[in-house]
Amino acid sequence: QVQLAVAGGGLVQAGGSLRLSCAASGRTFSINGMGWFRQAPGKEREFVAAINWSGDSPAYGDSVKGRSTISRGYAKNMVYLQMNSLKPEDTAVYYCAARAGRVVVSASLYDYWGQGTQVTVSS
């Protein structure tokens with residue numbers, strides 16, 4: 001099993017920045033892909049970003065491309081999501097996910113999920 005602990009959400013004004021972190025523990029050797037997803041009230045879970053465990057092949061959803069950066073922190077099995085130029089439409093619960101395979105954008109293909117963290121962007 002893999003456990004994912006998410007931190008870093010909060011309230012921020014439009015145009016501001018946040019960095020979300022995801023700490024993986026347990027059978028991390030089984031991980032090949034890490035992803036961030038978000039879900040706003042009444043909407044489906046949306047792909048935000050993903051990166052291979054090796055740190056290559058970052059991928060971004062269209063809604064955050066150019067404003068966000070996903071990265072790996074090797075010291076403590078961390079994955080970060082830096083979000084800049086935040087907009088009110090970025091308001092959602094953000095989730096970290098892991099899978100045995102490489103990066104994909106479909107939430108249904110991820111094996112492990114962390115708890116969500118609320119990100120609220122005020123206008």
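A word on the model comes next. It is predicted: local features need pLDDT of at least 70, side-chain atom pairs count only at pLDDT 80 or more, and totals for chains, interfaces and linings use all residues. Residues are numbered from 1 along each chain as its sequence is written, and side-chain values use heavy atoms, with hydrogens and water left out.

Now follow strand 8, residues 78-83. Two strands pair if DSSP finds at least two bridges between them. Strand 3 (residues 18-26) pairs with strand 8 in the antiparallel sense, over 6 bridges. Strand 7 (residues 68-73) also runs antiparallel to strand 8, joined by 6 bridges. There, Gly-73 has Met-78 as its bridge partner. Strands 7 and 8 make a hairpin with 4 residues between them. In that turn, Asn-77 has a positive phi of about 55 degrees.

Strand 8 is mostly covered, with 5 of its 6 residues buried. Buried means under 20% relative accessible area; exposed is over 50%, and partly exposed lies in between (1.4 Å probe, protein chains only).

The term means a pair of cysteine sulfur atoms within 2.5 Å. The whole structure holds 1 disulfide. Cys-22 and Cys-96 form it, with sulfur atoms 2.0 Å apart. Cys-22 lies in strand 3 and Cys-96 in strand 9 (residues 92-99), so the pair ties together parts 74 residues apart in sequence. The S-S torsion is about -80 degrees, so this disulfide is left-handed. Cys-22 is buried, at 0% relative accessibility. Cys-96 is buried at 0% too.

Note on methods. Helices (H or I, at least four residues) and strands (E, at least two) are DSSP runs, numbered from the N terminus.
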